[in-house]
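Hi,

Here is the structure I promised to pass on. Have a look at it first, and my notes follow below.

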Amino acid sequence: MMVSKEEVKHLAWLARIELDDKELEVYTKQVEQIISYFDTLDKISLEDIHISQRSVPYSKFRDDVPKESTDNVLSVVKNSKEKFVKAPKMA
Amino acid sequence: MKINIGLEIHCQMTGLKSKLFCSCEADYRGKQPNGNICPICLGLPGTLPLLNKKALENALMLSLALNCKIPDVVSFYRKNYFYPDLPKNFQITQYNSYQISSIGSGGTVEFDHKKVRIRRIQLEEDPGRLVYESGIATSNYTLVDYNRAGVALMEIVTEPDFDDPKDVKLFLNKLVSVLEHLGTCDTKLDGAVRCDVNISQENKKKVEIKNVGSFKEVEKALVFEISRQKSFGIKGIEVKSETRHWDDIRRITIQSRTKEEEQDYRYFPEPDIPAAYLGNELINSLTKQMPELPDARKSRFVENFGLSEQNAQILIDEKDTADFFEESLKLYDDAKEISNWFVTDLKVFINEANGIRSLKIKPSHIAELVKLVNQSTISRNTAKQILQQIVKSGEMPSVVMNNLKATKISNEEALIQIVDDVFAKETIAVRDALKNEKAINFLLGKVIQSTRGRADPKLTTELIRKKIASIST
Amino acid sequence: MITMDLLTSSAADIVTQIKKGYVSTEEYIAKIFDHIKKVESNVHAYISLNDLAIERAREVDSAVKRGEKLGKLAGIAIAVKDNICTSNMKTTCASKILEHYIPPYNATVIEMLEREGAIIIGKTNLDEFAMGTTTEFSRFKETRNPWDIERVPGGSSGGSAASLAAGETTLALGSDTGGSIRCPASFCSVVGLKPTYGLVSRFGLVSFANSLELIGPMCRSVYDTALMLNCITGRDSMDHTTLDVDTKDYTATITQGVKGLKIGLVREMISDVDEHVSKTIHDAASKFESLGANLNEVSIDSLQYALASYYTIAMAEASSNLARYDGVRYGIDMGPEGFEWNSYYTKVRSNFGDVVKRRIIIGTYVLSSGYYGKYYLKAQKVRTLIKQEFASLFKTYDLLIAPTMPILPFKIGEKTMDPLHMYMTDIDTVAANLIGIPSISIPCAFTDGLPIGLQIMGDHLSEELLIRAAYAFEEITDVKKVIV
Ligand SMILES: [Zn+2]
């Protein structure tokens, strides 16, 4: 599969990763190399294969019982204001 | 011109005690910012989602109620996109493109003798809440409160089967009633329901109206949007395929700020939650537990209580109203008379108060009121006056009645005096009445007027007839 | 007081002496810290050390004096890979993104080990977010192979393996997504077990590829591995993917040997490997025969697609797991105020290392619209196919053996420029992750001073059998596991 610089640029945007021109050059080559390797998956016929998915009885899931978190969760937050988490601006 | 309208509705599962994937409280309202979070719903590294099985049960109940097909196994997917209200920068949801993953699909709902198809019902997590100190455009930063993050949502998606905003309203009424009867979503809570609407008119592009904040606004948004598109047609302007927002203050739809970047959500199966096997046992047991739904309740009201379809419909449109009605009935067994109050005078107060539970009265009030009227202790008009007072004060009708000294004047002597007074004043009318039977009603009206409604109409009519007869002979 | 080398002894021996009061936990832990001070400038195994370890050691000693009931690992030093969450200690994933991050909670395995009296002495180095085979891609330091410090220790649990081999700890925890426990175990001549998927809780393991990875023990002996496994298995209410199985004592059956077991040598895993490796593994196979096992060569055709399937799935999951690092709620803080959010996120996320960024981009690619069916879905189907092939083999065979790594530990920097070439070194380890079976790497031999590891795989939940076979092999093999 051919991979273009524009594609890699778009992927980087989707992943919110910045690539400078040099990085874009290198990444495009590497991504193409690796994707081409993944293309070996085309060599095998998989039509009859159905993906086996692990399932567990619904009763194994969590009971609807509220619990207050005892962990000091907000200790991880660096930027806050009046208990709100401070994030960048939207516009 | 044919219009196709489809809905995408998000309802918070307010009937749950904890969030969808962690044990934080589902009721985040009124808590201090970020006071209802834990490592899981804040998306801390190393945490894993823990599916609330009651959420599965509740969504399953709704799916059954809306006649959806239920798969043997339901699974979850990740919807990947970045946004500051999203702690993990993906949302755990369900997705039907590769397999049926959602809890319900292919359902139908009947309302007002019409039908709409339900495409799917799925579970997903609510994001956090963004706060702008000085408006979105001018704030230098955004404040985020994650208390809502991870609260369970049901997404209900209809096929584009509606062609009239009025039908949309009727459908939403029905949906609300179903949700209320199931107890899964209190639609009256602020922010508990949100609705996206898509409209496409014949030969025109599809327009989506996002995030209409309450069901009551949906019809208004639709009516506006359709007329906007019609006026475009008249002017010969093409309708663009776009996303718009409903501005509920200006009562118009406005174009969303265009960041029409193509979204690519890269859905894939959530690896941290094994698929949930539901099994017939669960479905059977939920079917057994299923509370009476609005349709069945309506039929019962019609058949058992002899109510008209129309009146029964008004009663079941809101579960609280129907419950109130039945509770009143237990105290005083006159379904017709009681129901009349609910569809007339009381309805006005219910609508004003946004629900009967906001009024000060209890079923015992209505039971007593009807009883007083039936026993002819008070007239219907007096009862109306009493109702006006008791919905606000919560006093019992008999108390108010005594205070008003509102007892119906059924004392013959007192009434004869009043009838004599009226005859003295209304000489022309008396003359008419001698010739024309129907003019008696005018005199009756005058008597009732001068007693502010307290005169017993039956007795008064009798007295008037007697007096007319005595004059004519 | 008994004289034993506390730096090289097994956990089983040390814990016995501690419980009898013959060994002071405080002295033992202090000795390890002294040794760390001495060798760390060569090995670079640790990212951080636990200041509270000595205090914990004293607690154990006073509990011994009071005659209290002690845990299975009372006082034993344990090194923890730095992608496993420890409250009160930084958990960096060897990433700039989490450089100063202190989790507010402990991973389930940490809780379990501490309940048994183990003492965390430090957090070990890894490739950033466990993405690598060499530990060269840590954003803080390059861990060296204690047997030859010019060479890589393997990865991504390179710090844990190196700390064991260098006598800097007695036990260690690693995580294995595609070989990350077994590869460094092989390169450093220690034992590393990747348990059956679901046997050990992942709660608190920072996710790289959730459907593939697991935490597992790394030790200098098979017995210690069994002892440690005893302490960390079981269903966890914090992890829905854990299995509903009873805990077992894996030491109970450890001496039962391999007599009569059917063992398959996997042809595809040995056909294209370094000749020293090939010879060593064939010798190992003969040793199993001499121990009474029935040995045959077996073939698994679908293995040729394992690596492509593995990397497709691993990168897809990684691209989603690592989306949460945006510098808003925790981790790196670049001062969000004034930034438009997209540009802030992009700026923050550019602090990922090259290896991580590349995997995120490829993972994004294979999930993006139009490619899901071509890559992700096919990879999952191949996974099912491989599972089926292994399942049918396990109808006949009790265990499968193969080299852990196709090559010997190589020089630092030798393969960093060619990602695909680097991926190829995982060729023999990824199958166990794809299908969730247990796999253990044990020291097999040295050639030219470099270790070679033997891999033993079994069906789901066959850890007992794996450990039995590994123990039997270890008993008749004299391979060095520590250099001090
Ligand atoms: Zn929570």
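Which residue takes a positive phi in the hairpin of S10(B) and S11(B)? B:Asn203 does, near 60°, and there are 5 residues between the strands.

Before the rest, some housekeeping: this is a predicted model, where local features need pLDDT of at least 70, side-chain atom pairs count only at pLDDT 80 or more, and totals for chains, interfaces and linings use all residues. Residues are numbered from 1 along each chain as its sequence is written, chains are lettered from A and ligands numbered from 1 in the order written, and side-chain values use heavy atoms, leaving out hydrogens and water.

S10 (residues 193-201) and S11 (residues 207-212) of chain B pair antiparallel over 4 bridges (strands are DSSP E runs of at least two residues, numbered from the N terminus; pairing takes at least two DSSP bridges). B:Val197 has B:Ile209 as its bridge partner in S11(B). On to S12 (residues 242-247) of chain B: S11(B) pairs with S12(B) in the parallel sense, over 4 bridges, with B:Glu208 partnered by B:Thr243.

S1(A) runs parallel to S15 (residues 275-277) of chain B over 3 bridges, and A:Pro57 is bridged to B:Tyr277.

Finally, A:Phe38 touches several chain C residues, including C:Tyr311, C:Met315 and C:Tyr375 (contact means heavy atoms within 4.5 Å).

Cheers

Terms used: Lists of a residue's contacts leave out its neighbours within four places in sequence.
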